[in-house]
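Hi everyone, thanks for making time today.

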Amino acid sequence: MTRSTGTARLHRALLAPEATRSNALPAGAWWLWALGLATAASRTTNPLLLGLLVGVAGYVVAARRTDAPWARSYGAFLKLGLFVVGVRLVFSVFLGSPIPGTHTVFTLPEVPLPDWAQGVRIGGRVTTEQLVFALYDGAKLATLLICVGAANSLANPARLLKSLPGALYEAGVAVVVAMTFAPNMVADVVRLRTARRLRGRATGGVGAVLQIGLPVLEGALERSVAVAASMDARGYGRTAQVPPAVRLTTNALTLGGLLGVCAGTYGLLAVQGAVYGLPLLLAGLVAALAGLRLGGRRSVRTRYRPDRWGVRAWLVAGSGAVVAAAMIWAGSADPAALRPGVVPLTAPVLPLWPAAAVLAGLLPAVVAPVPPPNSRTSKEQP
């Protein structure tokens with residue numbers, strides 16, 4: 001009896017609870033998870049691994065997104081990713097590629113260019129190798145966009161902005177305009193398509209896109225600017241008076257730290273910058289955290305119900321970090337598996353342990369709180 005009771009308690013502890021205002025994951029945890037997947041995608045051109053990353057992100061979004069307006073943006077990012085792949089292929093066909101190849105697909109009329117344009121061509125021979133290289137390159141960029149779309153679908157932009165450090169208050173208005181533009185645009189697209197459908201007008205095709213494109217962009221920008229204006233009217237970003245030396249030190253530490261983080265991240269992502277990338281990244285993080293801590297003295301407001309980082313939030317963020325770290329290490333240990341060759345053309349092979357590391361990104365679908373069911377769909381229709 002005691003053993004069964006203990007097993008039941010353990011089972012209830014492992015199950016993800018229903019999401020409420022008090023236990024909802026911080027938006028920063030979702031963004032760290034998505035950035036970890038995006039970092040892993042930037043280290044490989046293997047289409048099998050990229051497809052696995054897209055599948056992991058899509059499964060987590062399907063399992064944990066809500067019915068909020070910003071949660072509908074994932075489909076738009078999927079379409080944007082397919083568009084990026086198509087554009088990359090078109091550029092490779094018409095503008096050529098530095099990748100040599102022996103398997104000619106077709107030949108386009110080549111436009112003669114002057115001598116100063118050496119290395120650039122328009123038209124000419126199109127090979128299978130250059131098309132496959134363009135497909136791999138476009139798939140990598142599309143996966144990066146899809147990972148960002150997953151973060152936009154799962155993270156509440158208002159809650160992410162609320163946790164912005166005091167040293168970055170001046171950039172808060174610009175941040176809210178940038179982060180709410182895409183969700184508002186998706187919501188406006190759904191609203192306008194529903195209105196056109198009710199009026200008996202076409203909702204697909206080039207003509208419909210041209211007719212609703214400008215109102216969608218205008219409405220999304222107006223709503224984002226309205227949110228920023230309301231924040232400014234409520235005193236968001238107002239700071240206390242501090243000595244000039246403290247203000248200059250804060251700006252220097254924050255700016256220098258962020259530059260160090262950017263340079264260190266670029267070093268880790270680059271092939272030849274792994275030696276200086278990690279020390280520069282750590283130094284930038286220390287300087288940025290010191291600047292943010294010092295800049296917090298300028299804050300004159302309190303936070304209502306601040307987001308708390310519990311065990312589940314750290315597990316979600318840590319799963320993305322595990323995927324990124326494993327892919328970075330795999331890139332140095334076995335680069336041929338992460339970057340399949342195109343000259344000569346070979347079929348990509350799925351490396352087992354990097355694929356297993358990517359599956360660690362599914363952890364949020366288990367530990368993150370389950371969003372409550374939509375009351376509008378849960379009610380029985382008469």
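Helices α2 and α3 run roughly antiparallel to each other, because angles over 145 degrees count as roughly antiparallel. Their packing angle is about 165°, and the axes lie 9 Å apart. Axes here are lines fitted to C-alpha atoms, for helices over the stretch in contact, and angles run from 0 to 180 degrees between N-to-C directions. The crossing of α2 past α3 is left-handed, where left-handed is when the near helix is turned anticlockwise from the far one by less than a right angle, and right-handed if clockwise.

A quick word on the source: this is a predicted model, where local features need pLDDT of at least 70, side-chain atom pairs count only at pLDDT 80 or more, and totals for chains, interfaces and linings use all residues. Residues are numbered from 1 along each chain as its sequence is written, and side-chain values use heavy atoms, with hydrogens and water left out.

Which residues of α2 and α3 meet? From α2 we have Trp 30, Trp 33, Leu 37, Ala 40 and Ala 41, and from α3 Leu 50, Leu 53, Ala 57, Val 60 and Arg 64; contact means heavy atoms within 4.5 Å. By class, that contact has nine nonpolar, no polar and one charged residues. Of the 16 residues in α2, 13 are buried, meaning under 20% relative accessible area, with exposed being over 50% and partly exposed in between, using a 1.4 Å probe and protein chains only.

Now to α11, residues 311-333. Its 23 residues reach 32 Å from first C-alpha to last, close to the 33 Å expected at 1.5 Å a residue; the expected span is 1.5 Å times one less than the number of residues. Among its buried residues are Val 316, Ala 317, Gly 320, Val 323, Ala 324 and Met 327. What covers them? The cover of α11's buried residues includes α2 and α3 again, along with α12, α13 and α14.

Another pair to find is α4 (73-95) and α5 (128-154), which pack at about 160° with axes 8 Å apart. That makes α4 roughly antiparallel to α5. The crossing of these two is right-handed.

Finally, find Val 120 in the loop between β1 and β2. Is Val 120 buried or exposed? Val 120 is exposed, with a relative accessible area of 51%. Val 120 and Gly 96 are 24 residues apart in sequence, and their C-alpha atoms are 7.6 Å apart in space.

Methods: Helices (H or I, at least four residues) and strands (E, at least two) are DSSP runs, numbered from the N terminus. Angles under 35 degrees count as roughly parallel, over 145 as roughly antiparallel, 65 to 115 as roughly perpendicular and the rest as oblique. Ala, Val, Leu, Ile, Met, Phe, Trp, Tyr, Cys and Pro count as nonpolar, Asp, Glu, Lys and Arg as charged, and the others, Gly among them, as polar.
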